[in-house]
Amino acid sequence: MLQIIKATCTNGELVLSEKLSSELEGKTLQIMIIEPSEPNQAIDSQASKIEQFLERVNNYSFSLPADYKFNRDEIYDR
């Protein structure tokens, strides 16, 4: 699942601009922090760049089976 939510850092904690889905309760999430390069940068432009980045990540990502083992010996002809 991919969701982009704005948040404000207050006293070292992230305060989200909207509530998370109850489906996420108890799950560990990965957070990507993207700070605007210019304070007055348009929000739409920033959101567009984030979406383009995440599309690239999805295009070049893949899942490995849970039982996958990397065989270093085979690669180094041992």
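Predicted model: local features only at pLDDT ≥ 70, side-chain atom pairs only at ≥ 80, totals over all residues.
Visitor: Where do I start? What elements are in the protein chain, and in what order do they run?

Guide: Start with the elements. The protein chain has two helices and two strands. From the N terminus on, the order is β-β-α-α.

Visitor: Where is confidence lowest, and where is it highest?

Guide: Read pLDDT as the predictor's confidence in each residue. The mean for the protein chain is 80. Of its residues, 85% reach 70 or more. Helix α2 (residues 72-75) has the lowest confidence, with a mean of 75. Strand β2 has the highest, at 91.

Visitor: Now the strands. How do β1 and β2 run, and how many bridges join them?

Guide: They run antiparallel, and four bridges join them. Look across the pair: Thr-8 stands opposite Val-15 in β2. Two residues sit between the strands of this hairpin. Check Asn-11 there: Asn-11 takes a positive phi near 55°.

Visitor: Which way do side chains point in a regular strand?

Guide: In a regular strand they alternate between the two faces of the sheet.

Visitor: What share of the residues counts as buried?

Guide: Burial is read from relative accessible area, and buried means under 20%. Of the 78 residues in the protein chain, 6% count as buried. The accessible surface comes to about 8000 Å². Carbon and sulfur atoms hold 49% of that surface.

Visitor: Which residues form a nonpolar patch on the surface?

Guide: Leu-14, Leu-16, Leu-20, Leu-29, Ile-31 and Ile-33 form one. Together they have about 580 Å² of accessible area. Take Leu-29 from that patch. Leu-29 lies in the loop between β2 (13-16) and α1 (43-59).

Visitor: Let me try Gln-3. Where is Gln-3 found?

Guide: Gln-3 is in the segment before β1 (7-10). Gln-3 is partly exposed too, with a relative accessible area of 38%.

Visitor: What does Gln-3 touch, beyond residues up to four places away in sequence?

Guide: Gln-3 touches Glu-18 and Leu-24. Now set sequence beside space. Gln-3 and Glu-51 are 48 residues apart in sequence. Their C-alpha atoms are 10.0 Å apart in space.

Visitor: And across the protein chain, what share of contacts joins residues 24 or more positions apart?

Guide: Count the contacts with a separation of 6 or more. Residues 24 or more positions apart account for 19% of them.

Note on methods. Residues numbered from 1 in each chain as written. Heavy atoms only, no water. Buried < 20%, exposed > 50% of the residue type's maximum accessible area, 1.4 Å probe, protein only. Contact = heavy atoms within 4.5 Å. Patch = residues over 30% accessible without salt bridge, like charges linked within 9 Å, V, L, I, M, F, W, Y side chains within 5 Å. Areas by Shrake-Rupley, 256 points an atom, 1.4 Å probe, with all protein chains shown as cover. Salt bridge = Lys/Arg side-chain N within 4 Å of Asp/Glu carboxyl O. pLDDT = per-residue confidence, 0-100. Pairing = 2+ DSSP bridges.
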